[in-house]
Amino acid sequence: MQFPAYRGRRMRASANIRRMVRENRLSPDMLIYPLFVTYGSDVKEEISSMPGNYRFSVDKLADEAREIESLGIPAVVLFGIPETKDEKGSEAYNPDGVVQRAIREIKNATPNLVVITDVCIDEYTTHGHCGLVKNGKVLNDPTLALLGAMAITHAQAGADIVAPSDMMDGRIGAVRVALDSSKFPDVSIMSYAAKYASGFYGPFREACDSTPQFGDRSSYQMDPANSEEAIREVAQDITENADIVMVKPALPYLDIIRTVKDKFNMPLAAYNVSGEFSMLVAAADRGWLDLDRVMMESLLSIHRAGADMILTYFAKDAARILNDQ
Ligand code: PBG
């Protein structure tokens with residue numbers, strides 16, 4: 001194609017021409033909204049580093065779920081902030097824990113809203129790590145049983161999809177076996193398959209008070225320098241029967257999203273994490289960025305890179321914009 005015969009600007013000449021040649025479009029269908037559930041009652045407190053996002057007590061969730069559903073968002077993902085934490089994260093697999101009660105409340109109010117649950121004990125442990133800890137080491141195999149138990153309590157409460165986010169080896173297989181042997185073959189698994197040890201989780205850890213009390217998560221989450229390893233991680237989780245695979249975070253890892261999409265014929269999710277949200281909101285707050293514009297551009301980029309679905313704190317705002325178009 002040679003200038004002047006080829007002129008790319010012809011296909012950008014008007015809004016209608018641009019609509020006709022547009023390759024990718026966002027839809028509320030692909031959005032998943034994260035919800036933080038806390039103990040107590042009548043609580044709806046804003047997370048200071050994530051404006052517009054709240055910690056809700058269970059009794060406040062029905063209205064929120066109805067609003068999310070009315071915006072055309074098909075699913076939520078739940079995170080719990082328990083009243084008490086201990087070494088073993090016992091509240092994570094308490095059948096009457098905050099998330100378990102939240103699932104029942106949401107399913108009661110909005111039976112069709114898909115409920116996804118984060119399966120990981122870090123929000124429930126005093127040390128803040130995603131696995132059992134012994135002599136300063138995060139143990140792999142003993143943690144698998146706890147993840148299985150946690151997933152079962154979520155399934156019993158009515159969760160549609162469980163999402164293990166801990167990065168222990170073998171967890172997808174362990175959770176699948178646990179669900180199947182407890183007669184929950186229809187509960188799906190969304191695997192946080194390529195989850196990186198990222199600085200962009202900062203605001204989330206403030207929201208859940210889940211910052212590790214010693215060390216960091218580099219012995220189980222992935223090194224940001226690696227991409228071939230992401231392929232191995234995703235392949236392994238598919239072998240262990242993950243139904244949906246995820247790349248997390250999203251924006252700094254668009255290359256990984258694209259590679260995973262090209263390599264595997266699997267539903268692919270990407271997590272537009274807390275730090276990716278907060279930095280746009282903070283810059284917009286200073287008048288440096290147009291929030292609606294950079295929000296939609298970010299989400300579109302994640303979708304263009306290959307994500308079929310996006311977990312994002314922008315889900316409600318983006319759905320509002322998409323519904324108005
Ligand atoms: C682990 C978990 C984390 C996030 C989702 N699941 C935190 C972590 O690994 O430290 C982060 C999500 C975000 O930053 O928005 N339970």
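Q: What distance separates a polar side-chain atom of Arg 217 from an oxygen atom of the ligand?
A: That gap is 2.9 Å. The protein covers 100% of the 410 Å² of accessible area that the ligand has on its own (Shrake-Rupley method, 1.4 Å probe). Before we go on: this is a predicted model, where local features need pLDDT of at least 70, side-chain atom pairs need 80 or more, and totals for chains, interfaces and linings use all residues. Residues are numbered from 1 along each chain, and side-chain values use heavy atoms, leaving out hydrogens and water.

Q: What describes a pair of aromatic rings?
A: You look at the distance of the centres and the angle of the planes. Here there are 10 aromatic pairs (centres within 6.5 Å; planes under 30 degrees apart are stacked, over 60 edge-to-face, the rest tilted). Take Phe 79 and Phe 204: they're edge-to-face, 5.0 Å centre to centre, with 80 degrees between the planes. Phe 79 is in strand E4 and Phe 204 in helix H6, so their pair ties together parts 125 residues apart in sequence (DSSP runs; helices have at least four residues, strands at least two).

Q: Which cluster do ring pairs make?
A: Phe 36, Phe 79, Tyr 192, Phe 204, Tyr 271, Phe 277, Tyr 313 and Phe 314 are linked into one.

Notes: Phe/Tyr/Trp six-rings, centres within 6.5 Å; stacked < 30°, edge-to-face > 60°. Polar contact = N/O pair within 3.5 Å; in protein donor to acceptor, adjacent residues only side chain to side chain.
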